[in-house]
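Good morning, and thank you for joining.

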Amino acid sequence: MRKPDWETPEQAASRLKRVATATIVGSMLEWYDFYLYATMASIVFSKVFFDASNPSTASMMAFSTFAIGFVARPLGGVLFGYFGDRFGRKKLLYVTFFLMGVCTTAIGLIPSYATIGFWAPLLLVVIRILQGLGAGAEFAGASVTSYEHASDDRRGRQGSWPALGLNLGLLLSSFTVYLLTLGGDKFLQSGGWRIPFLLSSVLVMVGIWVRKRLPETPEFDRAAAGGAEKKPFKELFGTNRAGLLVVFLVAIGYNALSYIFKTFSLAYLTQFKGVSANVTSLSVTLASLVAIVAVPTFGWLCDKYSSKKVLIVGGLLSALFAYPFMALLASGQNSLIYAALIVGTGILAPMMFAPQGSFLSRQFSVQSRSTGMGAAREIGTAIAGGLAPLWALSMVASSPGHATGGVVLILAASGLILSLGSAFDQGHRFSKHKN
């Protein structure tokens with residue numbers, strides 16, 4: 001991308017600051033909710049929103065609502081992705097952020113099962129589905145926007161902005177949970193869990209203001225001014241089909257790894273190792289602090305060596321880390337749990353996520369980029385992100401002695417799938433630059 005002819009260097013710098021803020025804040029909200037929901041589903045929701053007379057069943061049903069949100073993500077990716085290709089990236093980011101933000105706050109207002117009976121879990125599921133619709137296009141929209149505003153030599157770094165927002169969201173939510181559990185889990189279970197959901201309304205108001213000021217991408221404006229045909233599906237299935245496969249494979253591999261690192265681990269430690277929420281939240285806080293440094297580092301490496309190479313290496317290293325990760329968690333020792341999450345969530349996950357903004361965006365032409373990335377990535381996310389942690393948890397629960405060998409196999413296979421998908425890179429067809 002070249003900057004618009006009318007822009008001065010100062011105007012270009014101001015534009016990029018607004019883009020960075022808008023994409024990072026949106027990703028913060030998505031992943032702020034992600035960690036909050038995963039934590040509360042594994043600790044609190046079974047007691048608040050379900051019949052607690054059968055704790056085991058209630059626990060699995062509560063954790064299943066986490067997976068339900070993923071059912072709506074592919075539909076959101078297609079629907080809002082098409083919206084972004086037809087009407088612009090700016091409008092897409094505003095709509096998805098508003099939908100996600102309202103739903104995150106609304107979760108904190110749902111009455112308990114003891115108050116309204118089966119309406120409580122029903123409301124939770126409905127809101128979770130609506131939230132999934134917005135989240136289904138959030139990453140694609142933010143990544144495409146960052147990518148299309150970037151100069152050719154900085155697409156790796158700017159494409160990593162959503163990944164930075166992810167880890168800032170994890171840091172904010174995990175630190176909030178850590179503070180709320182300093183005295184144990186009792187405060188959360190007695191109603192304290194609602195506080196961080198309601199506090200998200202502040203982030204929502206800031207994000208809406210920021211995204212209203214977001215400029216449209218020069219690349220989208222140029223295509224529109226040139227009279228490019230706005231038929232995303234025709235373009236997608238006519239010339240971009242190979243890109244769909246690449247994005248799908250990368251999404252399957254990454255999300256299985258990431259959601260086992262970030263959500264299965266919390267449920268496993270809580271349910272089978274008796275580890276408190278204070279310890280698990282601190283482990284995610286420490287990992288997020290490391291990731292905030294790791295993300296821009298890997299973004300810089302993408303510009304230096306290519307996003308494809310960084311992705312492939314990240315997948316292979318994650319496959320090799322599968323057994324050590326589960327062994328460290330199974331120890332039940334706080335220091336080893338911190339080490340597992342710091343390496344998995346703080347280093348390996350950012351190594352695989354930071355390159356995706358640039359790598360996945362370049363698999364498609366500008367006319368179908370938002371639709372293609374949103375659809376293929378979110379189908380992969382729904383399958384792997386929604387089912388992998390639930391499948392892993394079920395395997396552990398049903399195995400003698402709660403063995404974790406099956407989880408190791410899922411992790412290793414996922415790393416190999418990600419590396420394989422990255423090797424099929426189609427970006428040379430739509431971009432002359434390696435990122």
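A residue is termed buried when its relative accessible area is under 20%. Please keep in mind that what is shown is a predicted model.

Let me apply that cut-off to leucine 341. Its relative accessible area is 1%, so leucine 341 is buried. This leucine belongs to helix 16, which covers residues 334–353. Which residues is leucine 341 in contact with, once neighbours within four places in sequence are left aside? They are Phe261, Ser265, Ser283, Ala287, Phe325, Leu329 and Gly346. As for distance, the C-alpha atoms of leucine 341 and serine 288 are 9.2 Å apart in space, while the two residues stand 53 residues apart in sequence.

Apart from residues up to four places away in sequence, serine 370 touches Phe80, Gly81, Gly84, Asp85, Arg89, Leu92, Ala140 and Val144.

Our next residue carries a charged side chain: arginine 128, found in helix 6. Is arginine 128 buried or exposed? Its relative accessible area is 7%, so arginine 128 is buried. With residues up to four places away in sequence not counted, arginine 128 touches Asp33, Tyr37, Thr65, Phe66 and Gly69.

With a relative accessible area of 36%, histidine 402 is partly exposed. Setting aside neighbours within four places in sequence, histidine 402 is in contact with Phe272, Val396 and Ala397. Between histidine 402 and serine 419, which are 17 residues apart along the chain, the C-alpha separation is 30 Å.

A brief word on cysteines. Cysteine 103 counts as buried because its relative accessibility is 5%. Cysteine 302 is likewise buried, its relative accessible area being 0%. How many disulfides does a search of the whole structure find? The search returns 0.

I come now to helix packing. Two packed helices are described by the angle between their axes and by the distance between those axes.

Consider helix 3, residues 55–87, and helix 13, residues 241–272: their axes come within 12 Å and cross at roughly 170°. Angles over 145 degrees count as roughly antiparallel, and helix 3 and helix 13 are therefore roughly antiparallel to each other. On the side of helix 3, the contact is formed by Ser59, Phe63, Phe66, Phe70 and Arg73, and on the side of helix 13 by Tyr259, Thr263, Ala267 and Gln271. By class, the residues of this contact comprise 5 nonpolar, 3 polar and 1 charged. Phe66, named here for helix 3, is also one of the residues that arginine 128 touches.

The second pair is helix 4, residues 89–107, with helix 6, residues 119–149. The axes of helix 4 and helix 6 come within 8 Å, and the crossing angle is roughly 145°. The crossing of helix 4 past helix 6 is left-handed. In the contact of helix 4 with helix 6 there are 16 nonpolar, 6 polar and 3 charged residues.

Thank you for your attention.

Definitions and conventions. Residues numbered from 1 in each chain as written. Predicted model: local features only at pLDDT ≥ 70, side-chain atom pairs only at ≥ 80, totals over all residues. Heavy atoms only, no water. Contact = heavy atoms within 4.5 Å. Disulfide = S-S within 2.5 Å. Buried < 20%, exposed > 50% of the residue type's maximum accessible area, 1.4 Å probe, protein only. Axes fitted to C-alpha atoms, helices over the stretch in contact; angles between N-to-C directions. Helix = DSSP H or I, 4+ residues; strand = E, 2+ residues; numbered from the N terminus. Parallel < 35°, antiparallel > 145°, perpendicular 65-115°, else oblique. Left-handed = near helix turned anticlockwise from the far one by under 90°.
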